[in-house]
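Please look over the sequence and the model below before reading on. The paragraphs that follow go from the whole chain to single residues.

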Amino acid sequence: MTRSSKEVKKVTYSTIVYILVVICTILSMFPTFFAIIISIVTETNGQTMFENPIDFFTGLTFSNFVKVFNESNIGRWILNSFVVAISQTILYLIIASLAAFGFARLKFKGRKILFNICLLSMLVPGIINIVPNYIIISEMGLYDNLLGLILPGLSGVSGVFLLKQFMDNIPKDFDEAARVEGATNFTIYSRVILPMCGPALASQAIFTFQGAWNDFLWPILITSSDENRTLAAGLYKTLMADTQYRGSLMAASIISAIPIVVVFIFGQKYFTSGVGRGGLKG
């Protein structure tokens with residue numbers, strides 16, 4: 001095979017790959033693009049978009065966003081979502097990092113067995129825990145309470161696994177040097193190991209915040225009053241009750257997506273670094 005034929009083959013392969021990437025990108029971004037377009041046109045044009053595609057863009061407006069804030073309790077829902085997501089993220093990082101430190105740096109009987117049990121629990125679908133969680137939260141008197149939205153999200157194992165894998169890559173010479181200076185296990189955890197786990201903590205923070213912010217089923221089940229709903233539950237209970245207002249619903253959806261996009265943009269560097277290093281061992 002000549003050099004020119006190899007170059008032609010390489011260019012052809014690259015072209016096919018780029019075309020497939022572009023097609024996949026368009027398909028994945030189309031729902032978002034559709035939501036943005038529907039949110040900035042009038043309700044009339046949005047409802048007749050397929051009947052009058054030519055006149056579709058004649059009524060560009062931001063009135064749908066104004067309508068969402070004026071005719072719903074979205075400000076309260078956003079505040080509740082931030083309270084739940086931030087609280088759950090901070091508390092889960094504390095719990096998961098402590099558990100990961102125990103599995104990665106401490107030696108005790110049954111450590112491997114206990115860790116394997118935790119890993120097996122990841123195979124259990126989360127939907128199975130809905131009924132037990134509902135009963136427990138109700139018995140604790142936390143039904144229709146923000147605390148009832150936060151607590152069930154603190155029991156995940158995925159964060160423990162990610163942080164443990166990251167801590168396994170940190171040389172134990174740091175622990176030994178700290179113990180020579182008289183440091184306790186908690187001091188080693190808080191002042192030696194934890195500062196080195198910044199990328200992994202940032203990655204897990206993004207995962208946890210996104211999961212809490214987008215949580216849909218649990219807030220619907222555990223809240224009944226409009227004041228205690230999160231954004232996802234509020235959109236479903238209020239705006240989706242009248243599906244003829246597509247523009248308002250799409251505008252609210254765009255608003256709900258903004259915090260996740262902002263968090264990912266600012267944490268992207270730590271996200272890729274943390275996930276990559278957390279998957280390496282040795």
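A residue is called buried when its relative accessible area is under 20%, exposed when that area is over 50%, and partly exposed in between, using a 1.4 Å probe and protein chains only. The model is predicted: local features need pLDDT of at least 70, side-chain atom pairs count only at pLDDT 80 or more, and totals for chains, interfaces and linings use all residues. Residues are numbered from 1 along each chain as its sequence is written, and side-chain values use heavy atoms, with hydrogens and water left out.

Begin with the chain as a whole. Its secondary structure comes to 14 helices and zero strands. Helices (H or I, at least four residues) and strands (E, at least two) are DSSP runs, numbered from the N terminus. The chain has 282 residues, and 37% of them count as buried. A contact means heavy atoms within 4.5 Å. Of the contacts in the chain with a separation of 6 or more, 74% are between residues 24 or more positions apart.

Now turn to helix 8. How many of its eleven residues are buried? Eight of them are, and the helix is mostly covered. The buried residues are Gly159, Val160, Leu162, Leu163, Lys164, Gln165, Phe166 and Met167. Helix 8 runs over residues 158–168 and includes lysine 164. Lysine 164 counts as buried because its relative accessibility is 11%. Leaving aside residues up to four places away in sequence, lysine 164 touches Ala100, Phe103, Ala104 and Phe115.

Charged side chains come next. Side chains of opposite charge can pair when their charged atoms come close. A salt bridge is a side-chain nitrogen of Lys or Arg within 4 Å of a carboxyl oxygen of Asp or Glu. The structure holds three salt bridges. In one of them, the side chain of lysine 164 meets that of aspartate 168, at 2.7 Å from N to O. These two residues are four apart in helix 8, so about one helical turn separates them.

Another salt bridge joins the side chains of aspartate 175 and arginine 105, at 2.6 Å from N to O. Aspartate 175 lies in helix 9 (residues 173–180) and arginine 105 in helix 4 (residues 74–105), so the pair ties together parts that are 70 residues apart in sequence. Both aspartate 175 and arginine 105 are buried. There is also a salt bridge between the side chains of arginine 229 and aspartate 226, at 3.3 Å from N to O. Arginine 229 is buried, with a relative accessible area of 13%, whereas aspartate 226 counts as partly exposed at 25% relative accessibility.

Next, look at how one pair of helices is arranged. Two packed helices are described by the angle between their axes and the distance between the axes. The axes here are lines fitted to C-alpha atoms, for helices over the stretch in contact, and angles run from 0 to 180 degrees between N-to-C directions. Helix 10 (residues 185–196) and helix 11 (residues 198–214) have axes that come within 5 Å and cross at roughly 70°. Helix 10 is therefore roughly perpendicular to helix 11. Angles under 35 degrees count as roughly parallel, over 145 as roughly antiparallel, 65 to 115 as roughly perpendicular and the rest as oblique. Leu194, Pro195 and Met196 in helix 10 meet Gly198, Pro199 and Leu201 in helix 11.

Helix 11 also contains glycine 211, which is partly exposed with a relative accessible area of 41%. From C-alpha to C-alpha, glycine 211 is 8.1 Å from alanine 85 in space, although the two are 126 residues apart in sequence.

Finally, consider the loop between helix 6 and helix 7. Aspartate 144 has its place in this loop. Most residues other than glycine have a negative phi, and most peptide bonds are trans. Phi of aspartate 144, however, is near 60°, a positive value. Aspartate 144 is buried, with a relative accessible area of 18%.
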